[in-house]
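Thanks for coming. I have one model to go through today, so please have it open while I talk.

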Amino acid sequence: MKLAILDDYQRLALKSADWERLRRRGLEITAFYEAFAGEEDAARKLAPFDVLVLMRERTPFPRALIERLPNLKFIALTGLRSASLDMRACSARRIPISNT
């Protein structure tokens, strides 16, 4: 499985948790530090990922983008909600959303 951490512009996520436990279980982790150029760029780069960790609301996740991510199975938010995430589209695809 592949996990992507998005919008970690401060480069703190990989230092702030024990990601090694997930890696030992076979999870491949990639951090994206810069914003995507647009929806097309995000769709192309995120298509292989099963899990997304949204660090900020910088990357919009409208239905059109969610539908272009065929492997997406789970989303984790660092916060209570994200105004830029189409939760109805996730629900329609049965993609669980967890928040901290």
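**Ser-16 and its surroundings**

I'll start with a side chain. A polar atom of the Ser-16 side chain lies 2.7 Å from the backbone oxygen of Leu-12. A polar contact here is a pair of N or O atoms within 3.5 Å; within protein, one must be able to donate a hydrogen and the other to accept it, and residues adjacent in sequence count only if both atoms are side-chain atoms. Ser-16 sits in the loop between β1 (2–6) and α1 (20–24). Helices (H or I, at least four residues) and strands (E, at least two) are DSSP runs, numbered from the N terminus. Is Ser-16 buried or exposed? Its relative accessibility is 59%, so Ser-16 counts as exposed; the cut-offs are under 20% relative accessible area for buried, over 50% for exposed, and partly exposed in between, with a 1.4 Å probe and protein chains only.

A word on the source. This is a predicted model: local features need pLDDT of at least 70, side-chain atom pairs count only at pLDDT 80 or more, and totals for chains, interfaces and linings use all residues. Residues are numbered from 1 along each chain as its sequence is written, and side-chain values use heavy atoms, with hydrogens and water left out.

**The chain overall**

The protein chain has four helices and five strands, in the order β-α-β-α-β-α-β-α-β along the sequence. Its radius of gyration is 13 Å, close to the 13 Å that the globule rule gives for 100 residues, so the chain is as compact as a globular protein of that length. That radius is taken over C-alpha atoms, and the rule is 2.2 Å times the number of residues to the power 0.38. Of the 100 residues in the protein chain, 40% are buried.

**Aromatic residues**

Searching the whole structure gives two aromatic pairs. Rings of Phe, Tyr and Trp (its six-membered ring) pair if their centres lie within 6.5 Å; planes under 30 degrees apart are stacked, over 60 edge-to-face, and the rest tilted. Phe-32 and Phe-36 make a tilted pair, 5.3 Å centre to centre with 50° between the planes. Phe-32 and Phe-49 are edge-to-face, at 5.9 Å and 80°. Phe-32, Phe-36 and Phe-49 form one aromatic cluster. Relative accessibility is 16% for Phe-32, which is buried, and Phe-49 is buried at 5%.

**Nonpolar cores**

General background first: in soluble globular proteins, nonpolar side chains tend to be buried together. A nonpolar core is a set of buried Ala, Val, Leu, Ile, Met, Phe, Trp, Tyr and Cys residues joined through side-chain atoms within 4.5 Å. How many residues does the largest core have? It has 21, and Leu-6, Leu-46 and Leu-54 are among those with the most contacts inside it. β1, α2, β3, α3 (63–66), β4 (74–77) and α4 (87–92) each supply at least two of its residues; α2 gives the largest share, three residues. A second, separate core of eleven residues includes Ala-13, Val-51, Val-53 and Met-55.
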